[in-house]
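Please look through the sequence and the model below before reading on.

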Amino acid sequence: MITPIANALCGDYSWNEFGPELFLVGLAAVLLAFDCFWKTLPKRVLGMIGALGAFGAAWALAHPLPSAGSVFSCLAALSTGLMLLLAFDYAKVTEAASGEGRYAEGSGEFYVLPLIACAGVSVMAKAQDLVLLFVGLEVLSLSSYAMAGFYRKVPGSVEAGVKYLVMGALSTGFLVLGIAWYFGMTGSFLLEPATLARSLSEQGQLIKGVLLALALLLAAVSFKVGAFPMHVWIPDVYQGAPVPVTSFLSVASKIAGFAALTSIFGAFRVIFAPGMEDVLLTFGCVAAAPLLVGNLGAIPQNDMKRLLGYSSIAQAGFILVLYLFPGSFEGYTGPLVFYLAAYMLATMGAFFALGRVRLARGSNAISAFRGLAVTNPLSAFCVAVFFASLAGVPLTAGFLAKLFSFVAAFQTLTYLPSLAYWLLPVMIVCAAAGFYYYFKVIRAMYWLSPDEDDEPVRVPFATGLVMGICAALIILFGTVWFFVWPGSCA
């Protein structure tokens, strides 16, 4: 009796559909047991096993031909695996900042929590209803709070965890209230356009309640995306959290937010139909706000983690513009997935470089990268590729990603010119501003000389391999299209 009612209110799922997520949770439980009962096991081994498990889950999510939700889940699993490799590289700092005793007891959970958080992201991406979306979001959030404040011997990390928790609680409140309004307007938790269309056709006066539900849900998801005004936690939390955790928050958490946003817009697409220009104009303002806040906020930054924090806000603005592509509300996610993949490669690569510089020179400042082209020319080249891609330099994946965003904004000229006339200039100015602050890092590497006491930054083989692969993929994805597009157009 309960199952038919539950299926009517929520989605109809199967256990096979969540095989990779169950594997990640099971692996986390096994690693936690190892940490508990095998005291002499080096903690960093847990990180390596976890990374391999995350990459295995990504492979499973990509085969066979995945759905849109599986693509988001695959990107999240890849970023989690990269984060755990970075944590493996950062093991000594983690043990010193959170471990106790001879065997660094209490630091093993640092390599387990990302797997649980990744399972939460994947559940969010596959959710067909608001109940499962809420469950996935809370699994991700609770794990992230613990990771942000994990370095309990470092006051900045504890502060970051508390700030993240407070803002996250506010976000959860918006989400629960939005779910309540959605259920009140439709009588269901299902994220289906047919459910919303049926309710509006029966009672057209419900449109105001539906718009309120959409606003509340967007406010909640904006916390993960990093969009204005729910972005205020990002600079402080990014600066205080451990470097591996900051990389996870900047990539996997953002992927979770956009996966949820895609599901929500898919259900609400009936209100984005012609005649609802006010809704689209409002969404244009939502996209423009993080562009301005992120780019203007990044210009004066001298701390690399804060710079990447404001960069995350700015990139969220460009990604939001992609939803203006015709068909985006109907499930067309190609440009969005490409942008997130390009962003993941550049950002994770930048954090790998930051981790090594932080360990070698004891600073997160941009000036700590001084003279890297002299002491570590290959690493400097990879870092230059990462930040060139974030800025949108041609022949990088980031250039094509931003090109998609500009095309989406340009296409609004055909159906909503009043939006395009001011959104395009804002995007142009913000893209130009990005060149200034991203190239501050490149300037420090190539124009500043290293201090006399600066030693070469030691880059282990695994870290160098990851940075090299990320840089190569950025260049490959940025150049291969010039050979693919002419043939496809013909």
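How many helices and how many strands does the protein chain have? The protein chain has 21 helices and zero strands, where helices (H or I, at least four residues) and strands (E, at least two) are DSSP runs, numbered from the N terminus.

## How to read the model

This is a predicted model, in which local features need pLDDT of at least 70 and side-chain atom pairs count only at pLDDT 80 or more, while totals for chains, interfaces and linings use all residues. Residues are numbered from 1 along each chain as its sequence is written, and side-chain values use heavy atoms, with hydrogens and water left out.

## The chain as a whole

Of the 490 residues in the protein chain, 58% are buried; buried means under 20% relative accessible area, exposed means over 50%, and partly exposed lies in between, with a 1.4 Å probe and protein chains only. When contacts (heavy atoms within 4.5 Å) between residues at least 6 apart in sequence are taken, 79% of them join residues at least 24 apart.

The largest nonpolar core has 170 residues, a nonpolar core being a set of buried Ala, Val, Leu, Ile, Met, Phe, Trp, Tyr and Cys residues joined through side-chain atoms within 4.5 Å. Trp233, Phe258, Phe369 and Phe387 are the residues with the most contacts inside this core, and helix H15 gives the largest share of it, 18 residues. Leaving out residues up to four places away in sequence, Phe369 touches Met304, Ala353, Leu354, Val357, Arg361, Val383, Val441, Ala444 and Met445.

## Helices H4 and H15

Helix H4 (residues 68-89) and helix H15 (residues 334-361) have axes that come within 11 Å and cross at roughly 5 degrees; these axes are lines fitted to C-alpha atoms, for helices over the stretch in contact, and the angles run from 0 to 180 degrees between N-to-C directions. That makes H4 roughly parallel to H15, because angles under 35 degrees count as roughly parallel, over 145 as roughly antiparallel, 65 to 115 as roughly perpendicular and the rest as oblique. On the H4 side the contact includes Val71, Phe72, Leu75 and Asp89, and on the H15 side Val337, Leu340 and Arg356 are among the residues that take part. By class, this contact has 17 nonpolar, one polar and two charged residues, where Ala, Val, Leu, Ile, Met, Phe, Trp, Tyr, Cys and Pro count as nonpolar, Asp, Glu, Lys and Arg as charged, and the others, Gly among them, as polar.

Val337, in helix H15, is buried at a relative accessible area of 19%, and apart from neighbours within four places in sequence Val337 is in contact with Val71, Phe72 and Leu75. Val337 and Leu75 are 262 residues apart in sequence, yet 8.7 Å apart in space, C-alpha to C-alpha. Arg356, also found in helix H15, counts as buried at 11% relative accessibility, and the side chain of Arg356 makes a polar contact with the side chain of Asp89 (2.8 Å). A polar contact is a pair of N or O atoms within 3.5 Å; within protein, one must be able to donate a hydrogen and the other to accept it, and residues adjacent in sequence count only if both atoms are side-chain atoms.

Pro20 lies in helix H2 (residues 19-37) and counts as buried at 14% relative accessibility. Beyond residues up to four places away in sequence, Pro20 touches Ala57, Ala60, Leu61 and Lys126. Lys126 is found in helix H6 (residues 113-126) and is buried, with a relative accessible area of 10%, while the side chain of Lys126 makes a polar contact with the side chain of Glu21 (3.1 Å).

Most residues other than glycine have a negative phi, and most peptide bonds are trans. Where does a cis peptide bond occur? A cis peptide bond joins Phe228 and Pro229, with omega at about 5 degrees, and Pro229 is found in the loop between helix H10 (207-225) and helix H11 (234-240).

Leu395, in the loop between helix H17 (377-391) and H18, has a phi near 70 degrees, a positive value in a residue other than glycine.
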